[in-house]
Amino acid sequence: MDLGLQGKWALVCGASKGLGLGCAQALAAEGVNVVMVARGAADLQAAVDALRQAAPRSSVLGVAADITTAEGRAAALSVQGGPGVAFDIVVTNAGGPPPGDFRDWEREAWIKALDANMLTPIELIKATVDGMAQRGFGRIVNITSGAVKAPIDILGLSNGARSGLTGFVAGVARSAVTGQGVTINNLLPGAFDTDRLRVTMAGASAKTGKSVDELADARRKTIPAKRFGTAQEFGAICAFLCSVQAGYITGQNVLADGGAYPGTF
Ligand code: NAP
């Protein structure tokens with residue numbers, strides 16, 4: 001299916017690895033020009049170079065910046081492929097907050113989580129949504145987490161900050177911009193095979209004394225699909241949400257978790 005995105009410009013955050021990279025790859029495969037953001041310059045450059053090879057008809061640019069800072073967002077937003085070119089698509093994403101016990105989290109930990117996983121996506125929406133509406137087309141996809149639907153005890157910072165974003169998006173996705181061709185949706189990963197999942201598993205292994213393989217096998221067994229998702233699968237869903245065909249889908253929380261969430265809705 002041609003997603004109708006050829007020549008559009010996308011800002012993809014957290015794009016040197018994992019789910020963000022999957023989104024950048026899927027969009028570039030559709031002929032979208034992609035600006036990729038991550039903090040680590042070397043990994044980012046490697047990802048940019050690989051994507052240029054894989055998608056020669058797209059422009060692929062990298063911005064090494066921390067998207068959770070005002071300076072980082074300004075750097076990312078100022079690229080826009082050159083004068084007069086604005087973003088048609090924004091994929092918001094940053095690392096998730098650390099696990100822990102809420103009794104140990106002081107205000108600073110909460111502010112950091114809120115900055116990264118709630119206020120940064122809101123700032124990016126604020127910076128881009130009106131331009132999209134004026135041009136009559138826009139797609140914003142926020143990478144959040146399955147923990148928004150089914151909270152995970154030790155991920156309280158994530159549960160809280162991302163739920164705040166989810167509430168905000170529910171409102172703005174139904175505001176005046178919706179009638180001007182802009183959709184805003186959240187894409188909720190369950191367990192995907194990325195660095196983040198491997199780091200979480202290594203942390204659990206150190207705590208429990210069980211091997212990473214043992215823990216990964218046990219986790220896979222809890223998922224009806226009996227496996228972890230891939231960044232490619234995630235990227236494909238993101239690209240569809242950005243497509244012309246998905247113009248009637250907005251304000252939704254799209255869960256991709258291999259059936260792990262046990263509810264009917
Ligand atoms: P990942 O494999 O660790 O990749 C994260 C990417 O984001 C990297 O490119 C990283 O590069 C970049 N990044 C992190 N913090 C950033 C920042 N402040 N500014 C700019 N770039 C930043 O993680 P992932 O698995 O793709 O996860 C993506 C998001 O989905 C996270 O918020 C995670 O909590 C959430 N999630 C993932 C899963 C899963 O199973 N994988 C499940 C639920 C939720 P640098 O470090 O170089 O900046």
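Q: Why is Asp43 called partly exposed?
A: Asp43 has a relative accessibility of 43%. Buried means under 20% relative accessible area and exposed over 50%, with partly exposed in between (1.4 Å probe, protein chains only), so Asp43 counts as partly exposed. This is a predicted model, in which local features need pLDDT of at least 70, side-chain atom pairs count only at pLDDT 80 or more, and totals for chains, interfaces and linings use all residues. Residues are numbered from 1 along each chain as its sequence is written, and side-chain values use heavy atoms, with hydrogens and water left out.

Q: What makes Lys17 and Asp43 a salt bridge?
A: The closest N and O atoms of Lys17 and Asp43 are 3.6 Å apart. A salt bridge is a side-chain nitrogen of Lys or Arg within 4 Å of a carboxyl oxygen of Asp or Glu, so the pair qualifies.

Q: Why is the pair of Lys17 and Asp43 said to tie parts together?
A: Lys17 lies in the loop between strand S1 (9-13) and H1, and Asp43 in helix H2 (residues 41-54), so the pair ties together parts that are 26 residues apart in sequence. Helices (H or I, at least four residues) and strands (E, at least two) are DSSP runs, numbered from the N terminus.

Q: How do you know that Asp195 forms a salt bridge with Lys17?
A: Their closest N and O atoms are 3.7 Å apart, so the pair meets the 4 Å limit. Asp195 is in helix H6 and Lys17 in the loop between S1 and H1, 178 residues apart.
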